[in-house]
Amino acid sequence: MPGWQKFYHDLNGRNFEIISVAQDTGGAKDAAPWITAARPEYIALIDDKHLVTQLYGMVNVPTAVWINEKGIIVRPNEVAYVDNRYKAMHGVDAGPYLDAIRDWVTYGDRSRFVMGEQEVKELLKPPSPERAMADAEFGLAEYLHRNGKGEDAIAHFKEAQRLDPDNWNYKRQAWALSDAEKNYGTSFMKEVQKLNGKPYYAPRKLPQKQ
Amino acid sequence: MLKAMVCVAIATLLAAATSYAADRGRAAVIYDGVSTEVTASPESSKDLWITMKDLKRATRFVVKPQGVCRDELCFPLPAKRKAEFISKRGAVTWFNLTAFAALVKQPVARDEKNGVWNFGKREDERGANLASLEAPNFTLPDIDGKMHSLAEYRGKKVLLITWASW
């Protein structure tokens, strides 16, 4: 978050807004300390039902979407690192993506990073029936967890993970809410190691200068 | 000591009452992300039958001659299969909410032990923005509890970023 704060501050007054949304079942209890520490000038919201994950069909964090002045998506879900803190793990250099955002802020819909309608449509697919079912299982698990039935929630978190196996949000959130080794027999690091060097969250290709 | 015993007795009674509720005739329905306690037909096992009153309370849908409707939205019930959806027993008319979910291709996640049913996104709601590419709106709180909607930022470029503490 401090990275985005600096990035935003440098672009301030350019008719550009950052809306960051914490995907945290624990709500403010888990997310607020990070927000308080970063003191963002941009909008920082808390989403304790993973609503944005479901509305936009996201599968991981950090994920960003570009929305133009008319409220239209011009670049859908993609990985959005603000710095190279975790580069050793995912191998993604944050620089080119940040330059792309600056280009968009300057040139708007004329920026070469803005996708055409057809390109966005091909990337945005309606959720599969399995994803829709996974969302329902995840929502049920969150409800049980929130109502003091954490043990009973585990089976439903597992079912959500089974139905939508590429969804890291549904894995990592569930693991974070209990003892992942004990209840799920795994951990985030173990799962990343299993990929054997394959990037677990590959960025989209950015168009090169012509 | 006596006080502690009374507390234990009350806790036991409460626990018994809760499990009774989960077994017989009470259920929690989550619809559009909002949970509502409802009366479930004691004959419910695989399906969830709720009263017409609870149907309206939990989902805002009502049964009309033209179908199961909410505002402008109406799903006609197949004429020959009405009995699968509506059943009158004595003075009470029951509605089969899980059969309706199957009809409108809505996923249902159920926790049998706790009597909780989560109704997910109907097929008509999924990918509803794909034709227009409009960014789906949401309204969420900041750390002070103040609500913000994406739609309030029309006229600006918005970089929407999700993150998490985990």
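A: Begin with pairing. Two strands pair if DSSP finds at least two bridges between them. The model here is predicted. In chain A, strand 1 (residues 16-23) and strand 2 pair in the parallel sense over five bridges. A:S20 stands opposite A:A44 in strand 2 of chain A.

Q: How does the chain cross from strand 1 of chain A to strand 2 of chain A?
A: The path runs through helix 2 (residues 28-38) of chain A, and this β-α-β crossover is right-handed.

Q: Which way do the residues of strand 2 of chain A point?
A: In a regular strand the side chains alternate between the two faces of the sheet. A:I43, A:L45 and A:D47 point one way, A:A44 and A:I46 the other, and all are buried.

Q: Why is strand 2 of chain A described as largely enclosed?
A: Five of the five residues of this strand (residues 43-47) are buried, so the rest of the structure largely encloses it.

Q: How do I read a sheet in chain B?
A: Strands of a sheet pair through backbone hydrogen bonds, either parallel or antiparallel. Read off the order, then the sense. Chain B has an open sheet of four strands, in the order 2-1-10-9, with mixed pairing. Its edge strands are strand 2 and strand 9 of chain B, each pairing on one side only. From one strand to the next, the twist averages 20°.

Q: In which sense do strand 1 and strand 10 of chain B pair, and over how many bridges?
A: Strand 1 (residues 26-31) of chain B and strand 10 of chain B are parallel, over four bridges. B:Y31 stands opposite B:F119 in strand 10 of chain B.

Q: Which helices lie across these strands?
A: Take one from each chain. Helix 2 (residues 52-59) of chain B lies across strand 1 and strand 2 of chain B, at about 170° to strand 2 of chain B. Helix 7 (residues 129-146) of chain A lies across strand 1, strand 2, strand 9 and strand 10 of chain B. That helix of chain A runs at about 140° to strand 10 of chain B.

Q: Which strand of chain A pairs with strand 13 of chain B?
A: Strand 3 (residues 63-67) of chain A does, in the antiparallel sense over five bridges. A:A64 stands opposite B:I161.

Q: Now a single residue. Is B:A40 buried or exposed?
A: Count the neighbours. B:A40 has 22 other C-beta atoms within 10 Å, and 20 or more makes a residue buried. So B:A40 is buried. B:A40 lies in the loop between strand 2 (34-39) and strand 3 (49-51) of chain B. Among the residues that B:A40 touches are B:G25, B:R26 and B:W49.

Q: What does the domain assignment give for chain A?
A: It gives domain 1 (2-123) and domain 2 (129-194). Their centres, taken over C-alpha atoms, are separated by 24 Å. The contact takes twelve residues from domain 1 of chain A and 13 residues from domain 2 of chain A.

Terms used: Residues numbered from 1 in each chain as written. Chains lettered and ligands numbered in written order. Predicted model: local features only at pLDDT ≥ 70, side-chain atom pairs only at ≥ 80, totals over all residues. Helix = DSSP H or I, 4+ residues; strand = E, 2+ residues; numbered from the N terminus. Buried ≥ 20, exposed ≤ 12 C-beta atoms within 10 Å, placed from the backbone. Contact = placed C-beta atoms within 7 Å. Axes fitted to C-alpha atoms, helices over the stretch in contact; angles between N-to-C directions. Right-handed = clockwise from strand over helix to strand, strands pointing away. Domains from an automatic or database assignment. Lists of a residue's contacts leave out its neighbours within four places in sequence.
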